[in-house]
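Visitor: I am new to this structure and would like to learn how to read it. Please show it to me, and then I will ask about one feature at a time.

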Amino acid sequence: MKTSADSAHGRNEAMAIRVQHMTKSYGNAEVLRGIDLEVRTGEVISIIGPSGSGKSTLIRCLNLLETPSGGTVEVLGSLLFDRDRIAVGKNELRDFRSRAGMVFQSFNLFPNLTALENVSLGQIHTLGRGRAEADARSAELLARVGLAERMDHRPAELSGGQQQRVAIARALAMDPEVMLFDEPTSAIDPELRVEVLQVMKQLADDGMTMIVVTHELRFAERISDRVVFVADGCIVESGTPAELFGGAKSERLRQFLAAVEETEL
Amino acid sequence: MQLIIDLLPGLGLTFLLWAGICMIGFPLGLLFGYALAFGHAILRIPVLAIVNIARGFPGLVVLYFVYSGLPDVGVYFSNTTSVVVAFSFVAAGYTAGIFRAAILGVPKQQLEAASVLGLTYWKTQRLVVIPQAFKAVLPPLIGFSVVVLQATSLSYAVGLREMTGLAYNLGSITFEALPYMLTTGAIYLVVCIAISQIAAWVQRRSSRTRRRATPKSPPAPTGTSVLRAVPGAGS
Amino acid sequence: MNILWQLLQTVPSTMLLWAAAQVLGLVLAIPVAAARMSRERTLRWIALLWIEVTRGIPTLVLLFIVYFGLSINDFRPPAMTAAILALGLSSSGYLAESIRAGFEAVPRQQTEAAMALSLPLATRLGRVLLPQALPIISEGVVSYAIHLFKETALASLIGVIEVMAVANYLVERGVNGPTVFLFTGAIYLVGCLLLAWLAHLIGDSGSRKRGKTQRGATIAAVKKVEVA
């Protein structure tokens with residue numbers, strides 16, 4: 001699925017995401033201290049780092065699930081947050097959100113609906129598609145993630161890996177230009193993670209612009225164009241996978257990678 | 001026994017009152033519940049006051065207020081209407097809490113999922129919140145309806161011949177108050193147990209096909225290991 | 001105001017009824033709860049029956065049953081006695097369930113640990129299980145106490161002179177209905193709020209102790225065993 005280039009915005013033409021000096025505090029606790037990030041259309045960025053580093057907060061600020069405390073956030077040509085204030089109205093924000101798909105750590109499928117209905121819901125009620133059209137598209141997407149036979153099952157009848165794949169299909173059903181993944185495999189049993197990672201890899205290969213917050217370092221290494229290492233609320237290091245995993249420049253990153261290696265087989 | 005037959009008309013009226021109170025009180029409770037869950041302070045404070053009065057006043061007091069008190073300001077209700085009005089008010093007060101808890105019990109993540117799909121506030125309520133809250137609301141609501149059924153016995157105080165009033169009446173005429181009262185008690189007991197059993201059966205049936213966890217727990221981390229035990233699941 | 005004063009005069013009566021019924025209810029609830037949790041099937045069923053009956057029969061009907069049950073020929077029992085008895089019976093079922101809920105909330109591992117340490121039954125019960133069950137039991141007892149306070153109004157229907165009875169008397173004498181009943185209701189409401197607040201206070205100080213109690217109870221029990 002090729003993403004369309006954004007409407008011309010001068011030199012931001014191919015810039016899917018532009019974050020400048022974003023900060024986020026909860027009361028006195030500073031979670032994000034001045035994040036600068038640029039993501040081009042078609043790029044796959046992985047965000048890695050220790051727990052509590054602010055990774056999740058970062059990605060949730062990109063679609064305003066969390067409101068930043070300062071800075072500028074521009075996504076897909078829409079100025080979301082500017083000069084310490086939200087810059088979009090409620091309707092605009094809703095429109096924008098369907099263009100930026102999000103996949104959550106805890107899947108968040110609607111328990112009272114089948115997989116098919118889950119994937120169709122947004123299409124019908126936000127995009128205004130007819131039920132038949134939406135269901136056809138949903139079936140197609142579910143087949144793509146390998147769940148054709150499970151279409152009529154409810155989330156409770158699906159494994160973690162299956163639920164997450166449905167969640168991905170649900171986000172894709174909105175024809176997004178950007179996909180945000182917030183630790184998509186952290187809540188899934190290790191042996192079921194592969195199926196989700198495979199779907200994500202396919203998406204990346206098809207050219208989707210993706211931001212992935214993850215603990216799966218090997219996976220990040222394989223699919224990313226760029227890897228960003230976040231610790232204590234700052235971007236400590238960023239570069240290609242080869243640069244970061246091959247020979248880390250910063251002490252902090254080296255510490256992190258060493259600690260992770262200790263726990264892996 | 002003959003006693004039971006004598007009391008049947010009373011039981012009929014009891015059921016009628018029960019139905020009336022639930023059909024008026026529960027929707028009203030839902031409105032109160034929504035107001036408490038999402039309303040602005042201007043709405044929440046008066047509703048909170050009303051709910052506290054409905055729950056803090058004994059049902060008998062509310063009943064007397066409607067039946068004996070209101071006439072002094074020119075509002076007259078028949079004894080039947082008084083019972084329904086008074087107890088619907090009380091039921092609304094109690095169920096407001098039940099509804100509020102169910103609405104707020106839908107996990108925040110569900111609302112987030114709905115918002116990233118671009119659903120409007122009202123669509124989210126209709127398609128995501130209410131269906132999930134409904135399942136949480138049913139058990140306590142049925143439990144409470146049993147309380148309502150028992151409360152109808154207070155109609156005796158305003159001279160209504162539902163089962164308790166009828167039993168007392170028949171008892172005083174025949175000087176066999178105790179047998180009538182015991183039978184009345186037994187009938188209430190049987191009906192209440194029957195309702196509870198039916199409710200439990202419905203619960204079991206719906207949880208066989210649906211998720212066992214309450215809406216409060218997020219689907220994910222527990223979901224995977226629980227599903228291992230469910231046949232047919234698993235990748 | 002005069003009305004309020006007249007109503008308040010019978011509050012002691014209400015409180016007596018409430019307190020006595022509560023105590024009676026607890027006293028009855030303990031053996032019932034014990035039976036409910038026992039290993040003897042018969043005992044469990046009897047307890048279950050008791051609980052279902054006392055909870056399934058409306059309080060007013062129970063009041064009548066006790067009142068007429070104690071009446072022989074022309075003898076009528078003192079209304080207050082009958083009321084206390086009836087309300088006490090009615091309470092016992094709910095309170096027994098509260099007690100059971102409290103004990104069932106204590107994790108099984110606690111019982112298993114106590115048995116593994118060969119603690120005698122009394123110690124196991126008194127020093128390990130009860131302290132942990134108490135917070136939940138208290139919650140149930142207090143919440144029922146609040147409910148019971150409102151139920152005392154029903155006693156007026158079998159002739160007990162408490163707040164509700166006075167209210168009706170006043171209205172019959174021509175005093176403005178809405179005013180009287182609003183005051184009456186307010187008295188009950190205030191009573192309930194006070195009880196709830198008290199419960200909150202006890203609950204808070206209880207939870208501060210609770211953290212120590214779980215470990216403390218097991219440790220204390222172990223110490224006793226070691227000394228013996």
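Visitor: With which side chain does the side chain of A:Arg18 make a polar contact?

Guide: Keep in mind from the start that this is a predicted model. To read such a contact, look for the two partners and then for the distance. Here the side chain of A:Arg18 is in polar contact with the side chain of A:Glu38, at 3.3 Å.

Visitor: Where is A:Arg18 found, and is A:Arg18 buried or exposed?

Guide: A:Arg18 belongs to strand β1 of chain A. For burial, compare the relative accessible area with the cut-off, which is under 20% for a buried residue. A:Arg18 has a relative accessible area of 14%, so A:Arg18 is buried.

Visitor: How does strand β1 of chain A pair with strand β2 of chain A?

Guide: For a strand pair, read the direction and the number of bridges. Strand β1 (residues 15-26) and strand β2 (residues 29-40) of chain A are antiparallel, with 8 bridges.

Visitor: How many residues lie between the strands in the hairpin of β1(A) and β2(A)?

Guide: There are 2 residues between the strands of that hairpin. In the hairpin, A:Gly27 has a positive phi near 65°.

Visitor: Which residue in β4(A) does A:Ile17 stand opposite?

Guide: That residue is A:Val75. The strands concerned, β1(A) and β4 (residues 70-75) of chain A, run antiparallel and are joined by 5 bridges. In which helix does A:Ala134 lie, and is A:Ala134 buried or exposed?

Guide: A:Ala134 is part of helix α4 (residues 131-144) of chain A. Its relative accessibility is 0%, so A:Ala134 counts as buried.

Visitor: Which residues is A:Ala134 in contact with, leaving aside its neighbours within four places in sequence?

Guide: Setting sequence neighbours aside shows what the fold brings to a residue. With those within four places left out, A:Ala134 is in contact with A:Ser120, A:Gln123, A:Ile124 and A:Arg129. Distance in sequence and distance in space can also be read together: A:Ala134 and A:Glu117 are 17 residues apart in sequence, and their C-alpha atoms are 9.2 Å apart.

Visitor: What does the secondary structure of chain C come to?

Guide: Chain C has 9 helices and 0 strands. Of its 228 residues, 46% are buried. For contacts in chain C between residues at least 6 apart in sequence, 77% join residues at least 24 apart.

Visitor: How many residues of chain C are in contact with chain B, and how many of chain B with chain C?

Guide: The contact has 32 residues of chain C and 33 residues of chain B. The buried area is about 2700 Å², with 80% from carbon and sulfur atoms. C:Phe68, C:Lys150 and C:Phe181 supply 19% of the area that chain C buries against chain B, more than any other three residues.

Visitor: How many salt bridges are counted between chain C and chain B?

Guide: The count there is 0 salt bridges. Residue pairs in polar contact number 6 across the interface of chain C and chain B, with both residues at pLDDT 80 or more.

Visitor: Which element gives the most to the side of chain C that touches chain B?

Guide: The elements giving two or more residues are α3 (41-56), α4 (59-69), α8 (163-172) and α9 (177-227) of chain C. Among them, α9(C) gives the most, with 10 residues. The side of chain C that touches chain B divides into 21 nonpolar, 8 polar and 3 charged residues.

Terms used
Residues numbered from 1 in each chain as written. Chains lettered and ligands numbered in written order. Predicted model: local features only at pLDDT ≥ 70, side-chain atom pairs only at ≥ 80, totals over all residues. Heavy atoms only, no water. Pairing = 2+ DSSP bridges. Helix = DSSP H or I, 4+ residues; strand = E, 2+ residues; numbered from the N terminus. Buried < 20%, exposed > 50% of the residue type's maximum accessible area, 1.4 Å probe, protein only. Polar contact = N/O pair within 3.5 Å; in protein donor to acceptor, adjacent residues only side chain to side chain. Contact = heavy atoms within 4.5 Å. Buried area = accessible area lost by both parts, 1.4 Å probe. Salt bridge = Lys/Arg side-chain N within 4 Å of Asp/Glu carboxyl O. Nonpolar A, V, L, I, M, F, W, Y, C, P; charged D, E, K, R; others polar.
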